[in-house]
Amino acid sequence: MTNIQRCITMLAVLLSIILIGWLCNEHNNVHDILHINHAAAEPTYTSTGLRMLLYNMEGALSNQISSDQAAYYSDKKIICFVRPTINIYDDNHSPSWMIRANTAMLARDKMLYLYGDVLINSLTHTTEIEKIKMHNAQISLITQDITSVDHIFLYGRTFYATSIKMHGNLRHKTAELIDQVQTSYDIHNIHEDN
């Protein structure tokens, strides 16, 4: 009897492990899609030297994405980019922000997930924010909301700040540092500007 009980227990443990693995696989979020096993899920098409233009509802250019390589996965409706550069245009059709990362993923809902050495540079002088650096971020290409729960370095004209969480909006040129914020001000530059 003990051998039968042992076999039943081992079978139950094995089934539990398989069930847990299956449930974890079914509940992957969009952040994990970038790590697709390319041998198992081949892209529908790939491109090198890609330049993609995105337009708003009024027909004006809103974003331009350039990348060394790109792959489109039709089953997931995502595009994965290698070394992308994203230019975001303002309402006057001028580039206002340039974003770079090691890799990125554009989801169907126009959410852009940026991974590795994310750098956001202001291309205008109408904002106090000059540059934002972080490891990962996500940006809505529709609303231009940006969030990160990573170590953030924010460089302004007369200040420098760090944080571990950020929410902002590139259209409104705002950034809210949320947790463990440290800020340094350059008083010398403040007096020179006046």
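Val 149 sits in the loop that links strand E8 (145-148) to E9; helices (H or I, at least four residues) and strands (E, at least two) are DSSP runs, numbered from the N terminus. This is a predicted model, in which local features need pLDDT of at least 70, side-chain atom pairs count only at pLDDT 80 or more, and totals for chains, interfaces and linings use all residues. Residues are numbered from 1 along each chain as its sequence is written, and side-chain values use heavy atoms, with hydrogens and water left out.

Val 149 counts as exposed because its relative accessibility is 71%, where buried means under 20% relative accessible area, exposed over 50%, and partly exposed in between (1.4 Å probe, protein chains only). Leaving aside residues up to four places away in sequence, Val 149 touches Ile 164 and Lys 165; a contact means heavy atoms within 4.5 Å. Its C-alpha atom is 9.6 Å from that of Gln 138, 11 residues apart along the chain.

Is Tyr 155 buried, partly exposed or exposed? Tyr 155 is partly exposed, because its relative accessible area is 25%. Not counting residues up to four places away in sequence, its contacts are Glu 128, Ile 129, Glu 130, Lys 131, Lys 133 and Tyr 160. For Lys 131, 24 residues apart from Tyr 155 along the chain, the C-alpha separation is 5.1 Å.

Now for the strand pairings.

| Strands | Bridges | Bridge partners |
|---|---|---|
| E3 (residues 78-89) and E4 (residues 95-100) | 5 bridges | Thr 85 and Arg 100 |
| E4 and E6 (residues 111-122) | 4 bridges | Trp 97 and Ser 122 |

The hairpin of E3 and E4 has 5 residues between the strands, and there His 93 takes a positive phi near 65 degrees. Two other residues are worth a look for their backbone. Arg 83, in strand E3, has a positive phi of about 50 degrees although it is not a glycine. Asp 117, in strand E6, also is not a glycine and has a positive phi of about 50 degrees. Arg 83 is partly exposed, as its relative accessible area is 48%, while Asp 117 is exposed at 55%.

Next comes the largest pocket, with a volume of about 480 Å³. On a 1 Å grid over the protein atoms alone, a pocket is an open set of points where a 1.4 Å probe fits, with protein on both sides within 12 Å along at least five of seven lines, and lining residues have an atom within 4 Å of a point. The volume is the space filled by probe spheres set on the points, which are joined across faces, edges and corners.

Which residues lie nearest the centre of the largest pocket? They are Asn 56, Ser 62, Leu 141, Ile 142 and Arg 171, out of 23 lining residues. Strand E1 (45-55), strand E2 (61-73) and E4 each supply at least two residues of the lining, and E2 gives the largest share, 3 residues. The lining divides into 10 nonpolar, 7 polar and 6 charged residues; Ala, Val, Leu, Ile, Met, Phe, Trp, Tyr, Cys and Pro count as nonpolar, Asp, Glu, Lys and Arg as charged, and the others, Gly among them, as polar.

Finally, the protein has 2 helices and 13 strands, and buried residues make up 36% of its 194 residues.

Note on methods: Two strands pair if DSSP finds at least two bridges between them.
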